[in-house]
Amino acid sequence: MPTSVLCVQHLVKRFGGFFAVNDISFDIKPGEILGLLGPNGAGKTTTIQMLLGVVTPTAGSIQMFGLDLATDREVILQQVNFSSTYVSLPQALTVEENLWVIGRLYGLSHIQERIDDIVKRLEMEGFRHTVTRKLSSGQSTRLGLAKAFLTQPKILFLDEPTASLDPDIAKKIRSFLKEERRASGLSVLYSSHNMHEMEEMSDRIIFLQRGKIVAEGTAQEIVAQFGQADLEEVFVKLAREK
Ligand SMILES: Nc1ncnc2c1ncn2[C@@H]1O[C@H](COP(=O)(O)OP(=O)(O)OP(=O)(O)O)[C@@H](O)[C@H]1O
Ligand SMILES: [Mg+2]
């Protein structure tokens, strides 16, 4: 069994008296794509924010590459990146300028070559010189993904990466993600409300509900465990349970 690149143990986040994340433990292996599934408010984004060091856990531990996020934050975050529909980049800069800022922040070499490569692969040539505030939501999602891939991270956290993309671009992004994983052994944790995408992309799925893990396994294992026809039916069944 390969060692985990990410290991979460007994992670808790409490807001006042409310447990948004309530004692979850899981890990991710090198090159693994782990899907984070769950109804609105289940705790997916809060979990990802804790893994990024943006939200401080109430309890529990987060280790990446064998280091503790609480004590080795800078070293860890250098090898991690993320994209989220809900986090925007500076609006007055062009797409290319934003990518340059990220390249500089991470101390990358050959920044222009990397930008050219990612812009081409994510089919962003048509808007690379556009000011970010003028982008459509699908274009700005692609910028977020370009930002995430630019730094060649070892772990990528994607919060609903394809939410605002048209089906054609979403499909291309999925292929791109799988290609990157094959080429570089990238590990990915990502959330989506698209069940078809979850089934297609995830090596393993964690199903969160009210801050707890209520199911875990491959899509087929989870479907079989709940005796449903597909993942969507499992989702509806679990989401409606009191
Ligand atoms: N800063 C905060 N203060 C108080 N409550 C919060 C805060 N952030 C999140 N919550 C609550 O924690 C719960 C989990 O929210 P979270 O955003 O993690 O859910 P999610 O699974 O990402 O949902 P969605 O599918 O809608 O994106 C929600 O009930 C939310 O209202
Ligand atoms: Mg969310």
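Reader: Thr47: buried or exposed?

Author: This is a predicted model. In it, Thr47 counts as buried because its relative accessibility is 0%, and the cut-off for buried is under 20%.

Reader: Where is Thr47, and what does its side chain reach?

Author: Thr47 is in helix α1, residues 44–51. Its side chain reaches the backbone oxygen of Gly43 at 2.7 Å. Leaving out residues up to four places away in sequence, Thr47 touches Val21, Ile24, Phe26 and Leu208.

Reader: Switching to charges. How many salt bridges are there in the whole structure?

Author: A search finds 16. One of them pairs Lys172 with Asp168, at 3.4 Å from N to O. Both residues lie in helix α6 (167–184), 4 residues apart, about one turn of the helix. Lys172 is partly exposed at 35%, and Asp168 is partly exposed at 44%.

Reader: And which residue does Glu200 form a salt bridge with?

Author: Arg174, with the closest N and O atoms 3.2 Å apart. The pair links distant parts of the chain: Glu200 is in helix α7 (195–201) and Arg174 in helix α6, 26 residues apart. Glu200 is partly exposed at 33%, whereas Arg174 is buried at 9%.

Reader: What about Arg204 and Glu216?

Author: Their side chains meet in a salt bridge, 3.2 Å from N to O. Arg204 lies in strand β9 (204–209) and Glu216 in strand β10 (212–217), so the pair ties together parts 12 residues apart in sequence. Salt bridges with shared partners join Asp27, Lys29, Glu32, Arg204 and Glu216 into one network.

Conventions. Residues numbered from 1 in each chain as written. Chains lettered and ligands numbered in written order. Predicted model: local features only at pLDDT ≥ 70, side-chain atom pairs only at ≥ 80, totals over all residues. Heavy atoms only, no water. Helix = DSSP H or I, 4+ residues; strand = E, 2+ residues; numbered from the N terminus. Buried < 20%, exposed > 50% of the residue type's maximum accessible area, 1.4 Å probe, protein only. Polar contact = N/O pair within 3.5 Å; in protein donor to acceptor, adjacent residues only side chain to side chain. Contact = heavy atoms within 4.5 Å. Salt bridge = Lys/Arg side-chain N within 4 Å of Asp/Glu carboxyl O.
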